Amino acid sequence: MVKAYRVSKKINKPEVAAIFKSYPQKIRKKLMFLRQLILETAASTEGVGEIEETLKWGEPSYLTPKTKSGSTIRIDWKKSQEDQYAMYFKCTANLVVAFKERYPTEFRFGGNRSIIFNIDDEIPVKELKSCIALALTYHLNKKLEPADRWEMMEKSHHPALNGTVRS
């Protein structure tokens with residue numbers, strides 16, 4: 001059974017809020033959308049529990065400290081690539097490898113550590129939520145083969161995960 005957690009738009013940690021405020025407005029809106037997808041996905045995925053929003057390497061980061069079910073997800077924008085922003089994953093977790101296998105054409109990948117978005121991209125929400133859910137349940141399924149990991153993740157999340165939200 002999925003325990004319902006309230007998904008807040010408010011950023012509770014001042015240091016995290018300050019990072020979001022430092023982004024250009026158009027990028028801030030895009031990163032806030034990714035943040036919302038992470039929080040909604042966590043709230044509707046069995047075994048994840050509450051999410052801690054913090055900074056790692058100066059980037060907004062999302063962890064599962066109580067359940068320890070997932071691998072950290074980070075989101076950020078770099079001035080050197082001003083028309084792009086990204087969602088980052090621990091490269092040794094082989095998550096991006098699994099994403100590439102499942103969604104070879106839906107996303108653009110940065111090596112084995114990120115999904116990269118251009119500012120004008122339309123985000124494939126259902127697919128991205130699946131990737132987020134796989135990351136947030138990583139420690140529950142990391143020893144399984146990729147196909148089995150996806151199957152386990154799909155069984156563990158609530159049907160609301162399949163919503164079609166636009167950024």
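Predicted model: local features only at pLDDT ≥ 70, side-chain atom pairs only at ≥ 80, totals over all residues.
To begin with the overall layout, the secondary structure of the protein chain amounts to six helices and six strands. Read from the N terminus, the elements follow the order α-α-β-β-β-β-α-β-β-α-α-α. The chain has 167 residues, and 47% of them are buried. The accessible surface is about 8,900 Å², with 51% of that area belonging to carbon and sulfur atoms. As for the contact pattern, 60% of the contacts between residues at least 6 apart in sequence join residues at least 24 apart.

Spanning residues 125–136, H4 has an axis that comes within 10 Å of the axis of helix H3, which covers residues 95–102, and the two cross at roughly 150°. Because angles over 145 degrees count as roughly antiparallel, H3 is described as roughly antiparallel to H4. The handedness of this crossing is right-handed. On the H3 side, the residues that meet H4 are Leu95, Ala98 and Phe99, and their counterparts in H4 are Cys131, Leu134 and Ala135. Sorted by class, this contact has six nonpolar residues, with no polar and no charged ones.

Helix H2, residues 25–43, also packs against H4: the axes come within 9 Å and cross at roughly 60°. That angle makes H2 oblique to H4. Here, too, the crossing is right-handed. From H2, the contact draws on Phe33, Leu34, Leu37, Ile38, Glu40, Thr41 and Ala42, while H4 supplies Val125, Leu128, Lys129, Ile132, Ala133 and Leu136. By class, the residues in the contact of H2 with H4 comprise 10 nonpolar, one polar and two charged.

Leu136 belongs to helix H4 and counts as buried, at 0% relative accessibility. Beyond its neighbours within four places in sequence, Leu136 is in contact with Ile38, Thr41, Ala42, Val48, Ile51, Thr64, Ser69, Gly70 and Ile73.

Next comes Thr137, located in the loop between H4 and helix H5 (138–141). Although in a loop, Thr137 is buried, with a relative accessible area of 2%. From C-alpha to C-alpha, Thr137 lies 9.1 Å from Met152, and the two are 15 residues apart in sequence.

Most residues other than glycine have a negative phi. Trp57, however, has a positive phi, near 55°. Trp57 sits in the loop between strand E1 (52–56) and strand E2 (59–63), where its relative accessible area of 69% makes it exposed. Lys68 likewise has a positive phi, near 55°. The loop that holds Lys68 runs between E2 and strand E3 (73–77), and Lys68 is exposed as well, with a relative accessible area of 59%.

Definitions and conventions: Residues numbered from 1 in each chain as written. Heavy atoms only, no water. Axes fitted to C-alpha atoms, helices over the stretch in contact; angles between N-to-C directions. Helix = DSSP H or I, 4+ residues; strand = E, 2+ residues; numbered from the N terminus. Parallel < 35°, antiparallel > 145°, perpendicular 65-115°, else oblique. Left-handed = near helix turned anticlockwise from the far one by under 90°. Contact = heavy atoms within 4.5 Å. Nonpolar A, V, L, I, M, F, W, Y, C, P; charged D, E, K, R; others polar. Buried < 20%, exposed > 50% of the residue type's maximum accessible area, 1.4 Å probe, protein only. Areas by Shrake-Rupley, 256 points an atom, 1.4 Å probe, with all protein chains shown as cover.
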